[in-house]
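Please keep the sequence and the model in view while reading.

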Amino acid sequence: MRRLVIIGASGHGRVAADVARRRGYREIVFLDDNRELRNCGKYPVIGTAADFRRLVDEMRIPSEFFVAVGNAGIREALQKKLEYAGGTPVTLVHPDAVIGDEVRIGAGSVMMAGAVINPGTVIGGGCIINTSSSVDHDCMLGDYVHIAVGAHVAGNVVIGNAAWIGAGATISNNLRICDRCVIGAGAVVVSDIRKRGKYVGIPAKIMSRDCPEFR
């Protein structure tokens, strides 16, 4: 029986569990640092992230895990911590996602329902390619990038580590987007983003240099 531990008993975690179930995981449990949580949908919450190694050893739960946390900084820290503790991050791909030829996807990433990843694209570890979003041909996404619901990235785009591309945003082709910046919902990016900050509007312009999401 395939078993999986998901860290983060949130709505995102519930969707990740649905993807995992569709990919053949029959026993799914959650860990969450909110000790008051007892379940995530129909799945039990059996401890906190700090309990992972002990639970693997004492309860013989699997060492395969997935971090279902939206905040890129927290997701990165948790994935690295659990890897150091001996865990194995899994990649989840919904059966209704479309993955082109010669696509590479890093460990701990998830492709949600309706996502399209076209040929030649490289996606780093711990990424979220969310529902009905698309990444066109020959793009390169760093680690812990989030392409939010309905966002579209045209071909030959390079996106730096932990960048957030908001819901419904559009990234034009042949652009570069720096590490740890936020592209707001519905924004249209038509030129390179070279400095960290929050960018909004059509065309996208910087709104703030402050990105508390990554502190």
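Two strands are said to pair if DSSP finds at least two bridges between them. Helices (H or I, at least four residues) and strands (E, at least two) are DSSP runs, numbered from the N terminus. This is a predicted model, in which local features need pLDDT of at least 70 and side-chain atom pairs count only at pLDDT 80 or more, while totals for chains, interfaces and linings use all residues. Residues are numbered from 1 along each chain as its sequence is written, and side-chain values use heavy atoms, with hydrogens and water left out.

Q: Which residue in strand 21 is the bridge partner of Val158?
A: Strand 18 covers residues 158–159 and pairs with strand 21 in the parallel sense, over two bridges. Strand 21 (176–177) is an edge strand, pairing on one side only. The bridge partner of Val158 there is Arg176.

Q: What is the strand order in the open sheet of five strands?
A: The pairing in this sheet is parallel. Its edge strands are strand 9 (104–105) and strand 21. The order is 9-12-15-18-21.

Q: Which residue of strand 23 stands opposite Ile171?
A: An open sheet of six strands, with parallel pairing, has the order 8-11-14-17-20-23. Strand 8 (98–99) and strand 23 (188–189) are at its edges. Strand 20 (residues 170–171) is joined to strand 23 by two bridges in the parallel sense, and opposite Ile171 stands Val189.

Q: Which residue in the turn between strand 3 and strand 4 has a positive phi?
A: Strand 3 (residues 39–40) runs antiparallel to strand 4, and two bridges join them. Cys40 stands opposite Tyr43 in strand 4. The two strands form a hairpin with two residues between them, and the residue with a positive phi, of about 65°, is Gly41.

Q: In strand 4, what is the bridge partner of Leu31?
A: Strand 4 (residues 43–47) also pairs with strand 2, in the parallel sense and over two bridges. Strands of a sheet pair through backbone hydrogen bonds, either parallel or antiparallel. The partner of Leu31 in strand 4 is Gly47.

Q: How many residues apart in sequence are the parts tied together by Glu27 and Arg3?
A: A salt bridge is a side-chain nitrogen of Lys or Arg within 4 Å of a carboxyl oxygen of Asp or Glu, and the count comes to seven. Glu27 and Arg3 form one, their closest N and O atoms being 2.8 Å apart. Because Glu27 lies in strand 2 (residues 27–31) and Arg3 in strand 1 (residues 3–7), the separation of the parts in sequence is 24 residues.

Q: Is Glu76 buried or exposed?
A: Glu76 forms a salt bridge with Lys80, with 2.8 Å between the closest N and O atoms. The two are four residues apart in helix 3 (residues 72–84), and therefore about one helical turn separates them. Buried means under 20% relative accessible area, exposed over 50%, and partly exposed in between (1.4 Å probe, protein chains only). Lys80, at 46%, is partly exposed, whereas Glu76, at 15%, is buried.

Q: What is the relative accessible area of Arg194?
A: The side chains of Arg194 and Asp192 meet in a salt bridge of 2.9 Å, N to O. Asp192 counts as partly exposed at 28%. Arg194 is exposed, and its relative accessible area is 67%.

Q: How many residues are in the largest nonpolar core?
A: A nonpolar core is a set of buried Ala, Val, Leu, Ile, Met, Phe, Trp, Tyr and Cys residues joined through side-chain atoms within 4.5 Å. Among the members of the largest core that touch the most others are Leu141 and Ile171. Another core, of 20 residues, lies apart from it and includes Tyr25 and Phe30. The number of residues in the largest core is 31.
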